[in-house]
Structure formats: structure tokens, C-alpha cells
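Please look over the sequence and the model below.

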Amino acid sequence: MSRPPRTEVLRYTAFSADPDGGNPAGVVLDASGLDDAAMLAVAAELGYSESAFLTASDGRGGYTIRYFSPKAEVPFCGHATVATAIALAERDGPGDLLLATAAGTVPVTVTRDGDELRATLTSVEPSVSDIGPDDLTEALAALDWPAADLDPALPPRIAYAGARHLVLAAATRERLADLDYDFARLEALMHRLDLTTLQLVSRESATVFHVRDPFPVGGVVEDPATGAAAAAFGAYTRELGLVPDDAVLTLHQGADMGRPGTLTVELRPDDTRIRVSGTGTRID
């Protein structure tokens with residue numbers, strides 16, 4: 001199926017108020033006329049790490065949303081969720097949304113502070129699991145990271161909050177900045193483990209982290225700002241007791257790619273779900 005001529009594809013960036021920062025996403029607010037092949041074609045043509053497609057509005061802030069990378073559909077994407085929520089807020093005004101994703105229902109709230117819109121998503125129920133020693137060895141080999149360069153205070157885990165991410169912590173910011181991995185080798189491992197990205201982190205302080213996200217399974221070398229991985233990382237920090245139950249984390253991502261962005265991750269003691277928030281803006 002070819003794309004209908006009236007399909008409007010918007011371009012937004014998430015987790016930055018600067019169009020040249022954060023993570024760009026395609027946004028289609030009415031994808032009711034698109035089939036799977038057409039949505040994939042739109043995503044591939046844009047070349048962004050993900051694009052979002054809305055269908056089935058209930059007229060009360062509820063939508064069905066799907067996410068496509070240039071190579072495949074993904075169950076959940078945080079930055080495209082933020083981009084879509086801000087696009088809807090610009091059209092309809094700030095407020096609450098309820099998005100039905102392949103991973104589950106994701107509430108989103110958009111607020112305005114002056115000229116700036118900010119979206120906060122609430123993840124599906126998260127989980128954290130171990131990674132086998134052979135799989136970890138393979139991941140490090142694909143990254144060309146010696147095991148001695150890992151931070152022993154942040155052990156490797158697979159974390160989930162709508163999509164699966166392998167969390168690996170570098171002992172230094174310099175190690176994190178030096179990213180030159182074997183694309184095909186890492187892609188093969190990620191397919192085998194059903195991973196969406198690797199969440200590579202370096203801890204600056206108790207609640208401030210620098211992060212990078214290789215995304216070869218999506219056909220993208222690196223994701224500039226990754227909301228789904230940020231939610232998974234929030235679950236990881238709580239599961240391992242690295243932060244208090246009511247922590248607010250700041251994740252800096254994209255600077256090494258020339259697209260700096262900031263993700264805010266909130267943990268609440270009365271809710272196991274993770275909240276991820278950030279700004280966004282339209283790309284002209």
C-alpha cells in the first residue's frame with residue numbers, strides 16, 4: 001500500500017527545546033489510512049530512530065499508537081511518545097493522554113511553562129533480570145570494551161519498562177565517549193536477547209548520569225535520547241538500591257552526537273512504574 005496523499009508527517013524533537021538537540025521523531029497524528037508496510041516506509045524515508053503513528057482516537061484523550069524504526073516495528077518508544085504528546089498539545093492544548101501501545105497502556109501528561117511544553121509519560125510495569133556471563137562477554141566484545149572498564153558499583157542487567165535494554169555502566173566518562181562498536185555483531189546479539197537498545201551509562205553524581213544508546217536492531221548506529229531506556233534505567237536503579245525510592249534522576253544524552261538532550265526520570269515510593277519527562281519542539 002502506498003502512502004495516501006493526505007497523510008501529514010510531522011517532525012518533532014524530544015528531550016530538548018532546541019530543534020538541533022534531543023532525538024527527532026516522525027509523528028503522524030492520523031495514521032488510519034496506513035497499513036504496516038506504509039508506516040514502515042514512512043519511518044524508513046525519515047530515517048529517524050523511530051516514528052509514531054496514531055490511530056483510533058476515542059475523543060477523550062485516548063489513542064492507539066504504534067512505533068516504527070527504519071527497519072521494524074518496536075513495542076514502545078519514549079522519545080516518539082513525548083514528541084507525539086507535544087504535537088497533540090500544540091493542536092489541542094496541554095492535558096492528559098492515554099496511549100494504547102503494544103507494550104501496554106501509557107498515560108502521558110503535557111504541561112506548559114511559558115512558551116515551553118513538557119511531557120511526562122508513565123511506563124508500564126517494569127522489571128529487571130540478570131544477563132548470562134556468555135552473553136555479557138559477547139556484548140563487551142562487540143563494543144570492544146574491556147571488562148575492567150565497567151563500573152563495579154553498577155552491575156550489568158537487562159531492564160524493561162516497555163522494551164528490553166541491556167544496562168552497562170562505564171567506569172569513566174571517557175570510556176563512554178569512546179564508542180566504536182561492531183554493528184553486525186551487536187545487532188545479532190540484540191536480536192537473540194530481544195533487546196531494543198543498550199543503555200550505556202556513566203555516573204556523574206548520585207542522581208546524574210550520562211548515557212548513550214546503540215540501536216543497530218533499528219538500523220541506527222545510535223539513538224540521541226532514549227525515553228524507553230531511561231524508564232528501564234529508572235527501574236534498574238531502584239531494583240539495585242542505587243537511589244532512594246523517591247529519587248529524581250537527570251540523564252544527559254546526545255552530547256557525543258552533537259544533539260544534546262536531557263531526560264528526567266522520577267521514581268515514586270507508592271508506584272512501581274517509572275515517569276520520564278522532557279521538553280520538545282517542532283522541527284521545521
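In which strand is Thr-122 found? Thr-122 is found in β8, which covers residues 116–122, where strands (E, at least two residues) and helices (H or I, at least four) are DSSP runs numbered from the N terminus. The model is predicted, so that local features need pLDDT of at least 70 and side-chain atom pairs count only at pLDDT 80 or more, whereas totals for chains, interfaces and linings use all residues. Residues are numbered from 1 along each chain as its sequence is written, and side-chain values use heavy atoms, with hydrogens and water left out.

**Thr-122**
- Thr-122 counts as buried because its relative accessibility is 8%, buried meaning under 20% relative accessible area with a 1.4 Å probe and protein chains only.
- Leaving aside residues up to four places away in sequence, Thr-122 touches Val-106, Pro-107, Arg-273, Ile-274 and Arg-275 (contact means heavy atoms within 4.5 Å).

**Largest pocket**
- The largest pocket holds about 210 Å³ of space (a pocket is an open set of points on a 1 Å grid over the protein atoms alone, where a 1.4 Å probe fits, with protein on both sides within 12 Å along at least five of seven lines; lining residues have an atom within 4 Å of a point).
- Among the 16 residues that line the largest pocket, Val-74, Pro-75, Asp-194, Leu-195 and Thr-196 are the closest to its centre.
- β5 (73–74) and α5 (183–193) each supply at least two residues of this lining.

**Second largest pocket**
- The second largest pocket has a volume of about 160 Å³, a volume being the space filled by probe spheres set on the grid points.
- Twelve residues line the second largest pocket, and Glu-8, Leu-10, Leu-29, Asp-30 and Arg-91 lie nearest its centre.
- α2 gives the largest share of this lining, three residues.

Terms used. Buried < 20%, exposed > 50% of the residue type's maximum accessible area, 1.4 Å probe, protein only.
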